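Dear colleague,

I am handing over the structure we talked about, and below it you will find what came out of the analysis. Please read the notes with the structure open beside them.

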Amino acid sequence: MTYAIDRIRNFCIVAHVDHGKSTLADRMLQLTELVDPRKMRDQYLDKMDIERERGITIKAQAARLPYLPLGEAGGEYLLNLIDTPGHVDFSYEVSRALNACEGAVLLVDAAQGMEAQTIANLYLAVEADLEIIPVLNKIDLPAARPDEVAREIASIIGGEPEDVLRISAKTGEGVREVLDAIVDRVPPPKGDLDGPPRALIFDSIYDPYRGTLVYFRVVDGSFRPGDKIHLMATGFEGEIDDLGVHSPEETPIDALGVGEVGVLSAAIKDVAQAKVGDTITLAGKGWEAVPRLPGYREPLPMVFSGVYPIDSDDFPQLREALDKLRLNDASFSFEPETSAALGFGFRCGFLGLLHLEIVIERLDREFDIPLITTAPSVRYRVVMERDDPETGEPRVLSVSNPQDLPEPNQIRAIEEPTVLAMILTPSEYVGKVMQLCEGRRGTMIAMDYPTEERVELRYLLPLASIITDFFDTLKSISRGYASLDYEIGDYVAADLVRVDLLLNGEPVDAFSAIVHRDDAYAFGRSMVETLKELIPRQMFDVPVQAAIGAKIIARETIKAKRKDVLAKCYGGDVSRKRKLLEKQKEGKKKMKSVGSVEVPQEAFVSALRSGSAKSDS
Amino acid sequence: MSPLPARAPRAWLTEPVESGPSAGFGVYLHVPFCHHRCGYCDFATAAVGDRGADDQQALFVRYVTALTTDLGHQVAAGRRAHAAAADRDALDPRWPEVTSVFVGGGTPTLLGGPLLADVVRAVGRELDVAPGAEVTVECNPETASVELFAALVDAGVTRVSMGAQSFAPHVLATLERGHTPQRPVEAIAQAREAGIAELNLDLIYGTPGETAADWRRTLETVLAAGTDHVSAYALTIHDNTAFGRAVAAGRLPTVDEDVQRDRFEVAREVLGAGGFEHYEVSNWSLGPARRSRHNLLYWRHGDYLGVGVGAHAHLTGRRWWTTRSTDRYLAAVEDGASPIAGSEELTDTERAEERLLLGLRLRDGLHPNDVPRIEPLALADAMAVGLVETACGRLRCTETGWFLLDDAVTRLLP
């Protein structure tokens with residue numbers, strides 16, 4: 001069934017994690033009777049296991065909801081729900097999904113109130129010129145404070161607190177009113193019905209049987225199965241094999257016109273060929289003349305980490321696994337690197353820390369390869385003393401692995417990426433939050449009070465200082481109430497140094513870190529103390545040192561072990577003794593020999609985590 | 001680099017000079033009964049302190065009967081039945097003469113002189129005991145008496161190993177030992193008076209609460225007691241014991257490796273000055289003739305039968321052991337069934353591991369012909385870090401490597 005353009009409404013739901021977005025989507029699907037109750041499972045649209053477990057959406061999804069408002073004589077409306085990712089790491093994906101809509105439901109937990117992430121996404125939605133429909137969820141909870149939160153919403157988006165809809169997605173109360181509001185207030189799509197076809201890719205996912213599935217919104221013209229398409233950013237050309245819509249299971253369709261949302265497959269082998277934000281048009285003569293849709297951006301990894309197999313024999317399997325993941329996730333990058341301590345591995349780039357965690361978790365879960373990941377780092381710009389002889393300009397290196405940082409005397413300046421962070425906190429925690437930000441080399445830009453009880457802080461922070469445990473610390477000092485969002489800022493010069501860790505006089509590359517000179521001593525001290533705890537006693541005294549260049553800034557000594565012998569054989573029970581020894585031997589195999597020191601694998605992970613955490617205080 | 005002359009690859013197993021079957025043949029008999037189970041003990045024991053005297057005696061008689069029956073069955077099955085399948089046909093079916101007998105526990109002396117004598121005599125009835133064989137009985141000082149020792153001498157016992165553990169009263173209390181500090185010294189004198197030829201005192205060091213002075217006094221008391229052998233073991237706390245649970249709950253401090261090493265060095269110094277030769281990690285004797293031959297048999301990877309509850313046996317690459325439950329043991333033997341709870345046949349690699357981990361406990365190390373094949377690089381590594389050395393072709397631990405023996409062995413193993 002095709003719909004007239006004025007009967008189509010494209011909308012998304014802007015909400016914070018846990019505020020009930022997936023439940024509301026489930027309820028809308030049920031209300032429009034699209035989902036067989038027997039097949040209904042919680043969070044229907046979240047497809048990945050990790051998403052369902054963590055209650056977050058990583059990939060955007062779409063569902064087509066035919067809806068007949070009560071008392072409506074003019075026939076059905078077609079509501080397209082475009083589900084957006086729910087995390088700051090994926091804000092570019094969010095912005096593309098928002099661009100595929102004309103309206104947004106702003107869903108706020110009536111007990112929790114607005115969160116930084118919601119506000120950030122709300123601003124994106126306003127920027128994309130969407131009609132905002134404010135909705136309070138969970139009004140049935142005893143802790144709900146709907147009047148207060150409604151005032152808060154009204155003060156941020158404008159309008160009256162009485163206009164905020166009040167629902168319980170859990171019980172279904174008020175959900176129909178939300179759908180009616182979408183029909184009444186969200187404008188229908190606009191587009192050129194007969195112009196050269198154009199569509200916006202807002203997501204692409206990899207399917208092992210069909211290749212890449214491209215989720216898109218038609219802007220002009222229409223698309224049919226068999227059309228030969230051209231993707232303007234990557235240059236991919238191919239024929240549409242399948243054209244479909246999600247209602248919410250995928251259903252084939254013979255055409256999609258202006259304003260409609262659907263999915264296509266076209267034998268695209270790699271998701272990197274169908275990038276979020278790219279423009280789809282028809283191949284053949286004339287595509288050069290079709291203007292691209294604005295706002296396309298190459299995905300840019302911001303956080304980097306070395307990923308090494310614990311068992312070096314797993315290296316080929318790790319490469320294969322990363323290749324497979326990359327098929328599915330174009331925003332993640334990797335290249336081989338070598339560490340003297342950890343052997344062969346890969347330097348991987350991620351959109352953010354959550355993205356890193358998700359990829360590592362998927363490697364573990366789907367490929368079962370035990371890994372060591374080194375401490376996350378960012379990409380520095382290093383301006384060299386010597387100019388480039390050809391251009392006469394200063395040479396600039398891009399460094400994401402501390403090992404690649406040149407000697408200090410060759411460096412003119414180091415610049416680091418920054419973020420503009422927005423933190424919303426109940427006012428009672430504002431002192432602690434400010435202290436945290438100052439401790440992380442933050443510069444305050446603004447402080448506002450959207451309501452009396454809440455403070456909105458804006459800080460310029462080095463990206464490096466928020467990628468380890470900033471969010472966890474923020475949550476713990478505010479009893480979980482403060483929330484964080486950030487956007488990537490400029491590169492800024494900073495007084496940075498590399499701190500090396502030496503075991504028995506030998507530098508261990510995997511432990512090196514680039515830190516601010518003011519933090520170097522605290523970082524070095526905490527690292528040597530942690531390593532002293534984690535590395536077992538060896539045959540000889542092992543000095544553990546932290547150094548900046550040739551200068552030692554901290555030292556501890558792991559004393560030589562003095563006893564390593566099992567007690568007697570009880571009544572000739574040699575089997576037990578042999579097995580204990582074999583276990584010891586197995587344990588030793590899990591150690592990395594660094595120089596002449598045996599370092600357990602846990603030391604690499606735990607030392608790096610605690611190192612960053614301790615340097616905080 | 002290798003200390004080994006060129007020989008057939010398995011010669012260390014098939015033609016050893018002093019290891020394996022060349023080390024002799026022993027019989028171990030286990031008596032599980034104790035008055036009370038001590039907090040550190042993870043042996044196969046059965047506390048009988050809350051039973052009445054008659055009840056205890058009836059249980060002891062049953063047990064000794066079962067023990068002798070078990071021994072009879074194991075011997076009657078024949079040597080080949082116990083051997084590893086691969087070695088079975090090549091093996092001489094006749095049992096060799098017994099060079100050592102060891103009655104351990106538990107507290108064997110709880111049985112009393114006559115029953116204990118029956119246990120010892122059973123070996124002579126079933127097997128050919130060599131003239132001059134070492135026959136040891138473990139003795140708890142509380143149960144010792146001249147009459148007991150006389151009965152043992154009469155049955156052929158040549159050696160008594162006395163569990164003194166410590167001569168510091170608070171250390172004995174921590175270890176839950178009921179005897180007074182003087183009692184082991186008196187018991188040693190009684191054993192000597194009864195005609196026991198060789199005497200050992202068993203000690204534990206590194207117990208929480210033990211001071212350096214406590215340990216030094218304990219060693220000096222041992223020297224004064226006039227034994228010819230001393231065993232001193234670093235306290236090991238196993239998770240599955242009362243001590244293990246107390247450590248986990250924070251009620252007992254864990255043992256400290258530095259303290260244990262310090263105690264070890266003091267023992268070497270004091271006992272060495274007293275004329276004792278430190279011949280095995282935990283054992284000292286007044287000259288080579290007074291070494292414990294039964295323990296040497298274990299360290300030299302020898303063959304032995306194991307009879308009684310939770311006893312372990314070894315015959316050329318096959319090990320087997322009996323149930324750790326006294327009830328199940330009695331039920332099985334009285335039923336004519338086997339009390340054996342498990343067995344394993346060792347691969348050559350495992351036998352090589354054992355040869356090293358046992359043989360390197362001895363100060364003399366391994367005879368050149370008895371050393372299994374070691375990767376030259378592994379040997380070079382263990383020598384370079386100072387854990388092992390070669391002396392006249394023998395492979396042995398260095399003075400420092402001795403107390404780090406497990407590290408040495410894991411480096412040498414494939």
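B:Glu198 is found in strand S7 of chain B, which covers residues 198-205, where strands (E, at least two residues) and helices (H or I, at least four) are DSSP runs numbered from the N terminus. B:Glu198 counts as buried because its relative accessibility is 8%, with buried meaning under 20% relative accessible area, exposed over 50% and partly exposed in between (1.4 Å probe, protein chains only). Leaving aside residues up to four places away in sequence, B:Glu198 touches B:Thr158, B:Arg159, B:Val160, B:Asp228, B:Ala289, B:Arg290 and B:Arg293, contact being defined as heavy atoms within 4.5 Å.

Before going further, please note that this is a predicted model, in which local features need pLDDT of at least 70 and side-chain atom pairs count only at pLDDT 80 or more, while totals for chains, interfaces and linings use all residues. Residues are numbered from 1 along each chain as its sequence is written, chains are lettered from A and ligands numbered from 1 in the order in which they are written, and side-chain values use heavy atoms, with hydrogens and water left out.

Turning to the interface, 41 residues of chain B are in contact with 26 residues of chain A. The two chains bury about 3300 Å² between them, 54% of it on carbon and sulfur atoms, where buried area is the accessible area (1.4 Å probe) that two parts lose on being put together, summed over both. There are 10 salt bridges between chain B and chain A, a salt bridge being a side-chain nitrogen of Lys or Arg within 4 Å of a carboxyl oxygen of Asp or Glu. The side chains of B:Asp42 and A:Arg576 meet in a salt bridge, at 2.9 Å from N to O. On the side of chain B that touches chain A, the elements giving two or more residues include strand S8 (229-234), helix H10 (257-273) and helix H15 (405-412) of chain B, and the largest share, 6 residues, comes from H15(B). The residues of that side divide into 21 nonpolar, 5 polar and 15 charged, with Ala, Val, Leu, Ile, Met, Phe, Trp, Tyr, Cys and Pro taken as nonpolar, Asp, Glu, Lys and Arg as charged, and the others, Gly among them, as polar.

A:Ala150 lies in helix H5 (residues 146-157) of chain A and is buried, with a relative accessible area of 0%; beyond four places in sequence, A:Ala150 touches A:Leu136, A:Pro161, A:Val164 and A:Arg166. A:Arg412, in strand S21 (residues 411-426) of chain A, counts as partly exposed because its relative accessibility is 43%. The C-alpha atoms of A:Arg412 and A:Arg395, which are 17 residues apart along the chain, are separated by 9.8 Å.

Best regards
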